[in-house]
Amino acid sequence: MRWAQRPGSLEGYGHAFVTSEEQKLDWNDILFLKTLPPDCRSYDLWPDNPSHFQRALETYTEEMRELAVSIVKYMVKGMMMTADGLEAADDGAEEDHNKLFCESLRRGNYDVRINCYPPCPQPERVMGITPHVDISAVTLLVECGNTPGLHVLKDGRWVIVPPVDGAILVNLGAIMQIFSNGIYKAPDHRAMVNKYKERLSIVTFCYPDPSLDIGPSKQLTGESARTPPIYKTVTNSDYFHHFFNLKQAHDPFLDSLKI
Ligand SMILES: O=C(O)CCC(=O)C(=O)O
Ligand SMILES: [Fe+2]
């Protein structure tokens, strides 16, 4: 197929994280495309049928970017309010790392993953997506239709997240957990499949610009703040290198970035 993933790349139509012929695959067909900044697009992998798909996806991610930036701005405010009790440095002594973070999200990388979970005759024997933590800063998820499938791990139990018509679900990724020095949590989540109904979700992963190092906010943890950083600061490429060298996108990843 023209839009199929090519060897060594996650982009295009196919399956996520196929590493061996023996592995059990998730019950999920995906179309994964890099959408922002525009120069990272591989248009040869973007379907041109229907004819307005490409234009629609461009507009869609631009609007998702606006949303992500405004949500993160409020989250950063909330984080500083929570941190006040923790004696954050908001006296200008530290560079305005929070502002840098939000600006960098505006110039950041946005990937769209369209998940199609076909009906499965034995849904209890498969996973739509195996449990994982997103490695983005935030993830914006749109569910098409009212078939439930998303589960979030809460207090050690899987909780169904019921679809809400017209809603955009905001999920936090590991970068937000690291940047907030653990104030915000990136939840484990998974997708289950249905015996009779197909399910479709459109997921936008939002990342800061790769020039920004990934680490806790300096306003929370810098010299004039009293809260020590609990995560290391690493370059963007080390962050991804680290992730792709793990077996699974799960808790050990965040733990391994702890100081
Ligand atoms: O389809 C869903 O509800 C979850 C999708 C998801 O977690 C992902 O694509 O990372
Ligand atoms: Fe996810």
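What spacing do the donors of the iron ion (ligand 2) follow along the chain? They follow H-x1-D-x54-H. This is a predicted model, in which local features need pLDDT of at least 70 and side-chain atom pairs count only at pLDDT 80 or more, while totals for chains, interfaces and linings use all residues. Residues are numbered from 1 along each chain as its sequence is written, chains are lettered from A and ligands numbered from 1 in the order in which they are written, and side-chain values use heavy atoms, with hydrogens and water left out.

Let us begin at the metal. The iron ion (ligand 2) is coordinated by His132 through NE2, Asp134 through OD and His189 through NE2, at 2.1 to 2.2 Å. Donors here are N, O and S atoms within 2.8 Å of the metal (3.2 Å for Na, K and Ca); water is not among the atoms, so sites may look incomplete. Histidine 132 and aspartate 134 are both buried, a word that stands for under 20% relative accessible area, with exposed meaning over 50% and partly exposed in between (1.4 Å probe, protein chains only).

Now turn to ligand 1. It is surrounded by 13 residues, and the closest are Tyr117, His132, His189, Arg199 and Ser201; a residue counts as near when one of its heavy atoms lies within 4 Å of the molecule. By class, this shell around ligand 1 has six nonpolar, four polar and three charged residues. In that sorting, Ala, Val, Leu, Ile, Met, Phe, Trp, Tyr, Cys and Pro are nonpolar, Asp, Glu, Lys and Arg are charged, and the others, Gly among them, are polar.

Some side chains reach oxygen atoms of ligand 1 with polar atoms. For tyrosine 117 the distance is 2.6 Å, for asparagine 115 it is 3.2 Å, and for an N or O atom of aspartate 134 it is 3.3 Å. Such a polar contact is a pair of N or O atoms within 3.5 Å. The protein covers 98% of the 290 Å² of accessible area that ligand 1 has on its own, as given by the Shrake-Rupley method with a 1.4 Å probe. Two or more shell residues come from each of β3 (109–117), β4 (129–132) and β10 (199–207), and β10 gives the largest share, four residues. These elements are DSSP runs numbered from the N terminus: helices (H or I) of at least four residues and strands (E) of at least two.

What about the interior? In soluble globular proteins, nonpolar side chains tend to be buried together. Here the largest nonpolar core has 45 residues, of which Val72, Phe101, Leu105 and Tyr239 touch the most other members. A core of this kind is a set of buried Ala, Val, Leu, Ile, Met, Phe, Trp, Tyr and Cys residues joined through side-chain atoms within 4.5 Å. Among the elements that each supply at least two residues are α1 (53–84), α2 (97–106) and β10. The largest share, nine residues, comes from α1.

Finally, a few spots in the backbone deserve a look. A cis peptide bond joins leucine 36 and proline 37, with omega about 0 degrees, and another cis bond runs from asparagine 49 to proline 50, with omega near 5 degrees. Proline 37 is in the loop between β2 and α1, and that loop is also the place of proline 50.

Aspartate 155, between β6 (150–154) and β7 (157–160), has a positive phi near 50 degrees. Is aspartate 155 buried or exposed? It is exposed, because its relative accessible area is 71%. Asparagine 181 has a positive phi near 55 degrees, yet this residue counts as buried because its relative accessible area is 10%.

Key:
Polar contact = N/O pair within 3.5 Å; in protein donor to acceptor, adjacent residues only side chain to side chain.
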